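Visitor: I have a structure open and would like to learn how to read it. Can we go through some features one by one?

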Amino acid sequence: MVHHTMSTSTARASRASSRISSMASLLWTRFSGVAAIVGMLAGCASVPLPETAPDEVAPPVAAPAPRPDAPSPGTPLVQGKSRWQPVAWSELPGFDDDALHEAWNAWLRSCERPGPAFAALCPQVRQLSIAGPAEQREWMRRRLQPYRVEPLQGPVEGLLTAYYEPLLDASREPTARHTVPLYRPPAGLGSRKPWFSRQEIDTLPEARAQLRGREIAWLADPLDALVLQIQGSGRVRVAERDGSQRLVRLAYAGSNDHPYRSVGGWLLQQGAIRDASWPGIKAWARDNPARLQEMLWSNPRTVFFREEPLGDLDAAFGPRGAQGVALTPGRSIAVDKESIPYGTPVWLASSGPTLQLQRLVLAQDTGSAIVGAVRADYFIGWGAEAGELAGRLKQPLRMWVLWPR
């Protein structure tokens, strides 16, 4: 862990927060017209759904057992491993200052596949997509009840990390430089659980035979492939066989069902590094090429992908999260679905050396490492700048869910 003086940390936090706000504002400026049209049309036209539905999560239940859709005033709710404590709106830090119109983009997306608790509110959410912030805020105060999220046991403060979409160059064919394959799911993936580990995929003829012909594209750097698998999706500029280039998205399509192990954690255990951020990991790999494979094999989990086209509208948003809707940079989070149902609006507050955040976000995704009541992975966006922020963000978190009254 690299330590900085207070003035350097504050300056970095200000610059990082400014970059995130600029990214979100640019996205809204370029696509607010599209979002407004989508919001208006959604009231009279159905939205196509993905082929598979997200896991249904039961609404929270009060302890001991009042109706969850109409909790008594002041009654805590229990959801999975979390307890929701009802609070006044004044407890939410910065609520009157947030640019809610940016969050409405993400909320419209969640309304494409709303959970049972929010389906009745979605027509109003669509209508309010062209309303002013004062009207949006007043509607939220009238229709939603804020609850502070707490674990059933332990401290209220949790952990915020971040993720992003890498932007990588690849080749449709293996070359002397591009030697690292990215795979579609093998036909026999479901025949054994867990499937072959990362090391077995690299070394066992049986595993390699099942993946032969399943290559989507080839990368030049095995660390880039690992980053893509950890993030779960990415944007790839593919050099085609005819010499042309095409930008596509590689989206999560399955895994080998092995547990995720942090390569940064492995390096710390080895005493090899003190800085377990991605810049620190990459620097170690550059200086220790003979041990690179050993480090990669310390994480047995491998992810498989599917290729998706990336049109202009798709490029303005992230990949589909576990809710089945496209993620919005700066306004989507991954959560533990046992503690917060997909599609729930969440007030997030986090202060640290990397970012200062007080904003409305939507719970639209999950991840194997996102476990616990007060735990969130913040979707930053795509590209190198987003990757730099995501690689360093690890700071305290407070969360409030906003549940229908």
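Visitor: Which residue has its backbone oxygen 3.3 Å from a polar atom of the side chain of Ser82?

Guide: Ser339. Before going on, note that this is a predicted model: local features need pLDDT of at least 70, side-chain atom pairs count only at pLDDT 80 or more, and totals for chains, interfaces and linings use all residues. Residues are numbered from 1 along each chain as its sequence is written, and side-chain values use heavy atoms, with hydrogens and water left out.

Visitor: What does the side chain of Ser82 make a polar contact with?

Guide: A polar contact is a pair of N or O atoms within 3.5 Å; within protein, one must be able to donate a hydrogen and the other to accept it, and residues adjacent in sequence count only if both atoms are side-chain atoms. Here the partner is the side chain of Trp84, at 3.2 Å.

Visitor: Is Ser82 buried or exposed?

Guide: Buried means under 20% relative accessible area, exposed over 50%, partly exposed in between (1.4 Å probe, protein chains only). Ser82 is buried, at 0%. Ser82 sits in strand E3, residues 82-86. Helices (H or I, at least four residues) and strands (E, at least two) are DSSP runs, numbered from the N terminus.

Visitor: How many disulfides does a search of the whole structure find?

Guide: A disulfide is a covalent bond between the sulfur atoms of two cysteines. The search takes a pair of cysteine sulfur atoms within 2.5 Å. It finds one. Cys111 is joined to Cys122, S to S 2.1 Å. Cys111 lies in the loop between helix H2 (100-110) and helix H3 (122-127), and Cys122 in H3, so the pair ties together parts that are 11 residues apart in sequence. Cys111 is buried at 3% relative accessible area, and Cys122 is buried at 3% too.

Visitor: Which residues of helix H9 are buried?

Guide: An α-helix has 3.6 residues a turn, so residues three or four places apart point the same way. In H9 (residues 278-287), the buried ones are Trp278, Gly280, Ile281, Trp284 and Ala285. They cover an arc of only 160° around the axis, which puts them on the same side of H9. The arc is that of the directions from the helix axis to the C-beta atoms. Arg286 and Asp287 are exposed on the other side.

Visitor: Which helices do the buried residues of H9 pack against?

Guide: Contact means heavy atoms within 4.5 Å. The partners are H7 (222-231), H8 (263-269), H10 (292-297) and H12 (384-392).
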